[in-house]
Amino acid sequence: MNIDLNKKGVILIVDDIPSNLEILFDFLADAGFTVLVAEDGESAIARAEYAPPDLILLDVLMPEMDGFETCRLLKANERTKDIPIIFMTALAETVDKVKGLSLGAVDYITKPLQHEEVLARIELHLKLRNLTKTLLEQNLQICEQAALLDITTDAIIVKDLDNQIYFWNKGAESLYGWKPQEAIGKKVNQLLYRAETTSQLQNIYKSLAENGFWQGELQQVTKQGQGIIVASRWTLMSDQDGKPKSILTVNTDITEKKQLESQFLRAQRLESIGTLAGGIAHDLNNILTPILTAAQLLQLKFSNTDERTQQMMKTIEANAKRGAALVKQVLQFARGVEGKRMIVQVGHLFSEIKQIVKETFPKSIELSTDIKPELWAVIGDATHLHQVLMNLVVNARDAMPNGGKLSIYAENIYIDEHYARMNLDASVGPHIQITIADTGVGMPSEIVDRIFEPFFTTKEVGKGTGLGLSTVRGIIKSHGGFVNVHSKVGKGTEFKVFLPAVEATATLLGEDLELLKGNGELVLVVDDEAQILETTKISLETYNYKVLTACDGIEAIALYAQYQDEISVVLVDMMMPSMDGATTIRALQKINPLVKIIAVSGLAPSDKLAGFAAVKLFIAKPYTTKELLQNLYNILEQESKNPGVQTTSIIQRLSSK
């Protein structure tokens, strides 16, 4: 829309009577206004939203949508809410006027309209609008200037050649805490520097004498003794004869900036570690998967071999699982892997912890345990909980370099409302309380307050990362629990871990559960690792499945297009070269929107799976034969019970939690 910028303003007239529109249009146009018209409320709203006018003349009585409703909708719209609205009406009732004004109108004009009155009211409200706009802009400018003054924290100091201060501005007062009358006349070295900075200051004075200028970073202290870092600029000032007479210093507090830089660099480092760990985990899991599957198949195939051979195959399987658990521990910190939640009997974890302590800890450390019988179970990840316990007992060991007593207790407790009110992290209900106590060196209260901070450590450089306890706290919180710490210097430290419990003894998922066989269903397995394809194919065929294999996404699409009426499930690796799993899944869905897919990866489920209704389940590598068969059974059983009905995807289930 082209609007004449020389006009006095843009007026939108809304009236359902054409003769009224024509008269007002001609009058206001002759008065120098740009005039727009609308014959009903709906078109008025559309015009105002598309090209907001400076003022709206709005008739009250209109069919379908009256002026009151039109006004309400205009004021509710972000683009039109600030446009002044003047009602035009033949009604003289005070109630109607009050209603219009309460909806946001600025004025009323009573019909029949007097042109002079209309013009006067329009010009008045346009002036008021322009004045308000100007005042708001000026107020914004003043606020911006005030904000700039507020954040100007540079400290400006002038000192003579003997380092005696004779100028100290408000910025210096704000930064360091000394008022001008306290600082002027004092030696600057006495106020701002510690003894260890003497050598640096000497180098600065040398550079200043040679170049007349120096800039760099300095460690300084405030009146309260707090250390700060400043970006400092020094300039040697001269008198009229060119002889040095004083030193002008401008200091900017960059303490927070340096801290943020340190955090940013740390975050970058952790991101790099996470990326590296993710890549290594993927490769390791691809290596471990065929080892684990082959070990299980060998035990099945050679079940009648001698006991020593069987033990060797079990050792291979156990170590493959241990390697997988180790990879998951790395990912737990680097990538935030949640871990698999299942019923865990915590009491069984203590037997392994006890064995490790007895075999690896110094003999000068005496171990005492008291694990109550019939300990409740928890819903959690056994590997992560094992990591928590190991971290705490290792910390206890390190706190007793000369020996001492390590005590481990576990019991069932019920946290009531009274206790929960005293501890914000606690929730009412059954819990397991795990206590790990030592008689070591202990910690002062200020250290206890910080021990869960990432990268905070009291150990010597190279002997502690500061990640252990922060990871412990993260795992405990992810399980819905909390941890309390009590410590006293010279007396020792006690950690109490509280985990929400299930009031029942856990039923262990035995390895000897019968594996569910298929009914001759055809499964398409897609993976770029030849060993995984081979072992998965053998496993599935052993348990009455038919198998097609594809080494990449392109081959998978070709096979599915040929056998889609026969294929029941597609097993797709998410990380493949050339065409990754997500692209493959997308192509398969185009061929058949009802395709059923199990996604497989050495990493945790990612956003790449979002939006794929075809992905019914996710399996993390390495997976056992039982896990694979169980997941296949779940999908096919649900399909048999509900033929033609789509099962809920893994992403839909996760998003509903």
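Let's start with a pair of neighbours: the side chains of Arg397 and Asp398 meet in a salt bridge, with 3.0 Å from N to O. Keep in mind as you look that this is a predicted model. Arg397 is partly exposed, at 29% relative accessible area, and Asp398 is partly exposed too, at 33%. Why would such side chains meet at all? Side chains of opposite charge can pair when their charged atoms come close.

A search through the whole structure turns up 15 salt bridges. One of them joins Lys223 and Glu182, again with 3.0 Å from N to O. Lys223 sits in the loop between strand 8 (213–221) and strand 9 (227–238), while Glu182 belongs to helix 7 (residues 180–183), so this contact ties together parts that lie 41 residues apart in sequence. If you look at how open the two ends are, Lys223 comes out as partly exposed at 39% relative accessible area. Glu182 also counts as partly exposed, with a value of 28%.

Now move on to helix 11, which covers residues 307–334 and holds both Lys321 and Glu317. The side chains of these two residues form a salt bridge as well, at 3.3 Å from N to O. They are 4 residues apart, which is about one turn of the helix. Are the two partners buried or exposed? Lys321 is partly exposed, since its relative accessibility is 27%. Glu317, on the other hand, is buried, because its relative accessible area is 11% and the cut-off for buried is under 20%.

Salt bridges can also link up into something beyond a pair. Here Asp15, Asp59 and Lys111 are joined in a network of them. Stay with Lys111 for a moment, as the backbone does something worth a look there. The peptide bond that runs from Lys111 to Pro112 is cis, with omega near 0 degrees. Pro112 itself is part of the loop between strand 5 (107–110) and helix 5 (115–151).

While we're on the backbone, two glutamates deserve a stop. Glu64 has a positive phi of about 65 degrees, although it isn't a glycine. You'll find Glu64 in the loop between strand 3 (55–59) and helix 3 (67–76), and at 88% relative accessibility it counts as exposed. The other one is Glu374, whose phi is near 55 degrees, a positive value in a residue other than glycine. Glu374 is placed in the loop between strand 12 and strand 13 (378–380). Is Glu374 buried or exposed? With a relative accessible area of 69%, Glu374 is exposed.

Which way do strand 12 and strand 14 pair? Strand 12 and strand 14 (residues 404–415) run in the parallel sense, paired over 7 bridges. To see one spot in detail, find Ile365, whose bridge partner in strand 14 is Gly404.

Ile280, Leu284, Ile287, Ile291 and Ile316 together make a nonpolar patch of about 400 Å². Which helix gives the largest share of the nonpolar patch? That is helix 10 (residues 255–301), with 4 residues.

How many disulfides does the count come to? The count is 0 disulfides, where a disulfide would need a pair of cysteine sulfur atoms within 2.5 Å. Cys551 is partly exposed instead, with 39% relative accessible area.

Terms used
Residues are numbered from 1 along each chain as its sequence is written. This is a predicted model: local features need pLDDT of at least 70, side-chain atom pairs count only at pLDDT 80 or more; totals for chains, interfaces and linings use all residues. Side-chain values use heavy atoms; hydrogens and water are left out. Buried means under 20% relative accessible area, exposed over 50%, partly exposed in between (1.4 Å probe, protein chains only). Patches are made of residues with over 30% relative accessible area and no salt bridge: like charges are joined within 9 Å, nonpolar side chains (Val, Leu, Ile, Met, Phe, Trp, Tyr) within 5 Å. Accessible areas come from the Shrake-Rupley method with a 1.4 Å probe; for residues, only the protein chains shown count as cover. A salt bridge is a side-chain nitrogen of Lys or Arg within 4 Å of a carboxyl oxygen of Asp or Glu. Two strands pair if DSSP finds at least two bridges between them.
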